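Here is a short note for someone opening this entry for the first time. Please read the points with the structure in view.

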Amino acid sequence: MAAEFHIHDIVVIGSGLAGLRAALEAKRHGTVAVLAKLYPTRCHSTAAQGGIAAALGNEEPDSPEWHFYDTVKGSDFLGDQDAIEVMCEDAIRTVIELEHMGVPFSRTPEGKIAQRRFGGHTRDFGAAPVRRACYSADRTGHAIVFALYEQCQLAGVEFFSEFHVLDIVVRDGKAAGVIALELATGKLHAFQARAVVVASGGYGRLFKTTSNAITNTGDCLSILFQRGLPLEDMEFFQFHPTGIYGLGILITEGARGEGGVLRNRQGERFMERYAPTIKDLAPRDMVSRAILQEIREGRGIDGRDFVYLDLTHVPEGVIEERLPEIRQFCRVYLGIDPSDSPIPVVPTAHYGMGGIPTDIDGRVLSDERGNVVRGLYAAGECACVSVHGANRLGCNSLLDTVVFGRRAGIAIGRELKYLEPSTIQDEEVKKVESDIERVLSRKGKVRTAHLRRALQECMMQRCSVFRSESSLKEALKEIGDLREMYQEVGIQDKGRVFNTELTEVIELGHLITLAEIVAGSALQRTESRGAHYREDHPERDDRNFLKHTFAFSTDRGILFRFKDVTITRFQPEERRY
Amino acid sequence: MRPYRLKILRFDPSKDSNPHWQVYQIRMGEYERLLDGLIRIKGEIDGTLTFRRSCAHGICGSCAMKINGKNSLACQTLAKDLPEETVVEPLQGYPVIRDLVVDMGEFFRKNDEVMPYLINPEPPPDRERLQSPEEQQRILQSITCIMCGSCTGACPSYWLDRQYLGPSALLKAYRFIFDSRDRATKERLRKILHEHGLWRCHTIYNCVEVCPKEIDITYHIKALKRLALREALRIRQG
Ligand SMILES: Cc1cc2nc3c(=O)[nH]c(=O)nc-3n(C[C@H](O)[C@H](O)[C@H](O)COP(=O)(O)OP(=O)(O)OC[C@H]3O[C@@H](n4cnc5c(N)ncnc54)[C@H](O)[C@@H]3O)c2cc1C
Ligand code: SF4
Ligand code: FES
């Protein structure tokens, strides 16, 4: 089948909040195509429940400076403070702009944007929780995605829905374009561009229990890594404390922000012991560890492997008005009403802090020294600026996507005139075509589903909330074995129209690549910081590890290099809540 | 775990001239989703079975299909609520691309016709535009639509007139017309007051019955009709 060639000034991969915001901004400077493997509004940003952080001070005094401090402290001092300051300073403008675009934020009685408490967000540098999360009930992501998608439509951004990106062409230090599979026809398309923005979201499907969509497989991170570009801080993967037991579906931190508490089998509000000041609203890394600690010590409910999130004392009206979706999830998937019964929860894989390294204008770095790839930008969960460091605070991701998506668009506006249009060569498309044909002709006996399950179980057991040298070495060995087995994966579907068995095989290949990077990065960091907790090295080690990990692909395996953390304002201190 | 016989309507345009049924036997736990069952079939039995899915908890709108005669989300349908013999077909009302995957291009395009974006030419204030909780209450249900397409595909008026905007696009028009911050009521009414628009709704309620987000779509369409009548009256009275 002959491939189709396209020419655009700017090609954006991903229609989540980061991609949409970048596209909207970039559209002011040239033609923009957004490619997504789903219909645009089906991206996983729509699942974001709790809110977007901004120190509006609508409900009580707040300041961007406190937000700045909380984010740095939340990041366990690994976040780059120049980037965090930019984000927190821009937060108010960002949320107001979204409101003007039509986002239906929930309101205070005076008609202002309502705000609620969220983990790790405090007033006066840690004194007490503060209302900083701006929300639209518990459907904040959905509300913002629609507003931005609508604005993109209005602005004339072109959408290519259900185009699955298989390759990102980077030639001589410049992004040239993207090669994608049109699912409906099975045809390849080459999108040639002056600038490419990668906004392809997260990779939570690396783990068995996850809040992430089935399509969150980190394809583009793996593609860039295999093309020789580094990935930063991949050892830091956030587990959200409250996923529905057995399913992983998220119960937003907003549930605790509205007064919900965690309880063990004795009914004890155990977070009082772990974080005496802000208790259930401590940052996620701490709460997730606390839950698993309770379970390990036999205080899970009935001695089993979950605890309760108790909302039974929260007024029913509050639940109905501010957490309606959560209530619906509980009714549908558990057959309970959170007003009457506590919700069984466990930590669930949620957010990758690491990703494609960028500067504060979304430009992709080619190394730890700050060199950039011309014409290549990244934003959102796939990128690592780094504003979240070793642990992200709730509501800071939506903020990150919109702030840095826009900044990437602005940077493109500045740089587009120096970025020559690139071409994609026939051979480059042919190589992708022959890769597809190779997968389609596979006759092996191994099933994708089995291998994927084995990988997810391995990562869950050996490389999740608690890690150690031995568990990580075992994980790496297992991942190596799984990689071998991957060669034996067979495929039944030989057709080209909407072949999702084909895309699943390809996605699994990317997950295996990412698993190795995550476990490898975790093994070399012999300290505990934020979401990365090493049982054999339980202390933070600023002398040796106050630095970002850069993982590179080489012929002899993964090579690690390091980049200093940018510290401008707040010196590392012990993290207590 | 209980055994189920899933009877699925299949069609592969590269092989089949007509759709055909295929039966799969699987076991599902009470609280498993039908989507889990489909994923298991694809993973363990038949890799060629094709369907859309992403979020797996009723928020992205990908997995709408016709389950035992009713447009529903596979990820919001639990095994405990299914009969042992369960029939799964592509979402009613749309051309089939393959198996359970339908072409929703037209559905999305209709939505774009109603000017689905906030229009307000007044220069925005420095801070948020104020909106009282009561004003917001009016649009609260309408903003929860996930564009799954179940309603439009289930609408008899739409079966008869494929150009009819359909419940979902009308709901979208409502979402903006009744947003206290929007100023383009007239323009938008014009977009929905034509022979394939608002008055094609005959209040049959099929849409409400299938909507997985439990939106009372007809209530919203009725409000649009009342508004349209008021506006017409006003124009006539000059
Ligand atoms: C359940 C849940 C709740 C959350 N709640 C909050 C919250 O309340 N507040 C907060 O701040 N954060 C929250 N987060 C985190 C936040 O929602 C995400 O980090 C953020 O939305 C990611 O946005 P994104 O634009 O980077 O990616 P996404 O929205 O995931 O979009 C990725 C896009 O890339 C496309 N894509 C990926 N791979 C390919 C490929 N190979 N080819 C083509 N297209 C591709 C996808 O189709 C999609 O369009 C939550 C996360 C989850 C999972
Ligand atoms: S109104 Fe309901 S049924 Fe119709 S598209 Fe929206 S969510 Fe689906
Ligand atoms: S998979 Fe998202 S709605 Fe069913």
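1. Charge on chain B. The model is predicted. Chain B carries 37 positive and 30 negative side chains. The centres of these two sets lie 3 Å apart.

2. The C-alpha atoms of chain B fill a box of roughly 65 × 40 × 30 Å along the principal axes.

3. Packing and surface of chain B. Of its 238 residues, 61% count as buried. Take the contacts in chain B with a separation of 6 or more: 64% of them join residues 24 or more positions apart. Chain B exposes about 10300 Å². Carbon and sulfur atoms supply 52% of that area.

4. The surroundings of ligand 1. How many residues surround ligand 1? The count is 37. The closest are A:Ser45, A:Val165, A:Asp219, A:Glu381 and A:Leu398.

5. Elements around ligand 1. In chain A, α1 (17-26), β2 (32-36), β7 (163-171), β14 (343-352) and α11 (396-415) each supply at least two residues of the shell. The largest share comes from α11(A), with 4 residues.

6. Polar contacts of ligand 1. An oxygen atom of ligand 1 lies 2.8 Å from a polar backbone atom of A:Ser15. For A:Gly50, the distance from a ligand 1 oxygen to a polar backbone atom is 2.8 Å. For A:Cys395, the corresponding distance, again from a ligand oxygen to a polar backbone atom, is 3.4 Å. Taken alone, ligand 1 exposes 1000 Å², and the protein buries 98% of that.

How values were computed. Residues are numbered from 1 along each chain as its sequence is written. Chains are lettered from A and ligands numbered from 1 in the order in which they are written. This is a predicted model: local features need pLDDT of at least 70, side-chain atom pairs count only at pLDDT 80 or more; totals for chains, interfaces and linings use all residues. Side-chain values use heavy atoms; hydrogens and water are left out. Buried means under 20% relative accessible area, exposed over 50%, partly exposed in between (1.4 Å probe, protein chains only). Contact means heavy atoms within 4.5 Å. Accessible areas come from the Shrake-Rupley method with a 1.4 Å probe; for residues, only the protein chains shown count as cover. Lys and Arg count as positive and Asp and Glu as negative; His and the chain ends are not counted. The place of a charge is taken as NZ of Lys, CZ of Arg, CG of Asp or CD of Glu. A residue is near a molecule or strand if one of its heavy atoms lies within 4 Å of it. A polar contact is a pair of N or O atoms within 3.5 Å; within protein, one must be able to donate a hydrogen and the other to accept it, and residues adjacent in sequence count only if both atoms are side-chain atoms.
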